[in-house]
Amino acid sequence: MKNKLFLLLIISFSIIFISCGSSDNNDVKLELGNVFVSSNLTPIIGIYDFTGSSNEPESLQFGISSSDSDGIYYDSASDRLFLASRSNNRVEVYSGLTETELNANLTLEVSSSQDFSNARKLTVSGNNIIISQDAGPSNNEENRFFVYTFNNGSLTLANTYDPQINLWDVQFAGGTAYAIQDNSDTLAVFNNLLNKNSGVVTADQKVQIEGIVRTHAQYYSVSEDIMFLSDIGDADSGTDGAIHIIADFSTKLSAAGVNGMIALSDQIVIKGSNTELGNPVGLSYDVDNEKIYVAERKVEGGKLLEFDLPSTGGNLSPSSSINFSGAAAVYFAN
């Protein structure tokens with residue numbers, strides 16, 4: 001009788017221990033990387049973690065509703081991903097990334113109305129989501145900024161601006177919008193853009209970047225006052241891309257004036273046969289680790305490249321090179 005009672009106690013204790021030691025799958029959260037990449041060829045987004053000791057970063061992928069995407073942004077506080085969908089002509093907001101199974105489709109929480117076409121980049125300022133529309137046959141050759149407000153899980157078109165320049169990338173730093181003037185070597189600056197009514201807006205400053213043939217991507221680090229700009233050169237060439245780095249950017253921008261130029265001597269340039277830069281179309285930067293991330297579209301059908309921040313320019317090799325089909329935009333989530 002004592003032996004049976006002892007056996008029952010052991011079994012009961014084991015059940016309690018196993019129950020306490022296990023966890024419900026619904027409570028498991030994925031450890032996401034910091035580098036988010038979109039594709040304009042496949043309905044996926046990639047997430048990469050470069051913090052490990054291996055030269056090959058850990059990665060995962062999720063399926064999305066858009067088969068052609070560009071601008072990408074991730075908000076870790078709300079676990080939401082924002083995308084500029086080119087195939088669906090809308091802003092798409094996906095939620096619950098850390099609770100989604102690996103390689104599964106993300107949950108589309110909400111999407112905007114279909115107001116734009118030929119979208120390029122996406123930037124976020126507070127609860128404002130801004131899309132840059134590149135002129136093309138599908139939109140009557142109109143370059144536009146579309147501004148949406150995101151409140152209580154809904155997206156509302158608030159303003160539409162005509163910047164009177166060819167658009168590609170756009171980024172907000174405080175109240176200032178920096179915009180790439182496509183088909184040129186020029187960066188345009190719009191002050192207090194979001195305080196203006198819809199309609200025509202004029203750049204407060206334009207500055208040429210000496211040495212660039214055709215700029216596409218940009219990333220401005222406010223804390224470090226460094227501007228990164230890409231040059232795709234000849235769009236049909238896969239060997240003439242470059243990254244231009246401008247330290248003390250605000251000082252050099254001010255010195256350039258309204259329609260001036262930032263000289264090549266005031267820049268660090270990564271360019272050459274070792275760089276794997278052909279058409280670099282997306283840029284982001286990790287301030288803490290001084291790493292530059294590039295969405296390269298032309299070379300081998302698409303790549304995610306990582307460069308160490310250089311002290312001098314030249315024909316530098318990337319510290320990491322990963323094939324990613326249709327790489328269109330990259331975002332480093334701080």
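Reader: Start with the largest pocket. How do the residues of its lining divide into nonpolar, polar and charged?
Author: There are 17 nonpolar, 12 polar and four charged residues in that lining. Keep in mind that this is a predicted model.

Reader: How many residues line the largest pocket, and which lie nearest its centre?
Author: The lining has 33 residues. Nearest the centre are Tyr 73, Gln 171, Tyr 219, Ser 284 and Tyr 331.

Reader: And how much space lies in the largest pocket?
Author: About 600 Å³.

Reader: Which strands each supply at least two residues of the lining?
Author: β4 (69-75), β8 (119-125), β12 (167-173), β17 (215-221), β22 (280-286) and β26 (327-332).

Reader: Switching to rings. How many aromatic pairs does a search of the whole structure find?
Author: The search turns up 15. One of the pairs is Tyr 73 with Tyr 331, at 4.8 Å centre to centre. Their planes are 50° apart, and the pair is tilted.

Reader: Where do Tyr 73 and Tyr 331 sit in the chain?
Author: Tyr 73 is in strand β4 and Tyr 331 in strand β26. They are 258 residues apart, so this pair links distant parts of the chain.

Reader: Is Tyr 331 buried or exposed?
Author: Tyr 331 is buried, because its relative accessible area is 19% and the cut-off is under 20%.

Reader: What about Phe 228 and Tyr 285, why is that pair tilted?
Author: Their planes stand at 40°, so the pair counts as tilted. The ring centres are 4.7 Å apart. Phe 228 lies in strand β18 (residues 226-231) and Tyr 285 in strand β22, so the pair ties together parts 57 residues apart in sequence. Both Phe 228 and Tyr 285 are buried.

Reader: Which residues form an aromatic cluster?
Author: Tyr 48, Phe 50, Tyr 293, Phe 324 and Phe 332 form one.

Reader: Zooming out. What does the secondary structure come to?
Author: Two helices and 26 strands. Of the 334 residues, 53% are buried. Among contacts between residues at least 6 apart in sequence, 52% join residues at least 24 apart.

Reader: Now confidence. What is the average pLDDT?
Author: The average is 91, and 90% of the residues score at least 70.

Reader: Where does pLDDT stay under 50?
Author: Over residues 1-27. The model has one contact beyond four places in sequence for that stretch. Where pLDDT is low, the predicted coordinates should not be read in detail.

Technical notes
Residues are numbered from 1 along each chain as its sequence is written. This is a predicted model: local features need pLDDT of at least 70, side-chain atom pairs count only at pLDDT 80 or more; totals for chains, interfaces and linings use all residues. Side-chain values use heavy atoms; hydrogens and water are left out. On a 1 Å grid over the protein atoms alone, a cavity is a set of points where a 1.4 Å probe fits but cannot get out, and a pocket is an open set with protein on both sides within 12 Å along at least five of seven lines; lining residues have an atom within 4 Å of a point. Grid points are joined across faces, edges and corners, and a volume is the space filled by probe spheres set on the points. Helices (H or I, at least four residues) and strands (E, at least two) are DSSP runs, numbered from the N terminus. Ala, Val, Leu, Ile, Met, Phe, Trp, Tyr, Cys and Pro count as nonpolar, Asp, Glu, Lys and Arg as charged, and the others, Gly among them, as polar. Rings of Phe, Tyr and Trp (its six-membered ring) pair if their centres lie within 6.5 Å; planes under 30 degrees apart count as stacked, over 60 as edge-to-face and the rest as tilted. Buried means under 20% relative accessible area, exposed over 50%, partly exposed in between (1.4 Å probe, protein chains only). pLDDT is the predictor's confidence in each residue, from 0 to 100. Contact means heavy atoms within 4.5 Å.
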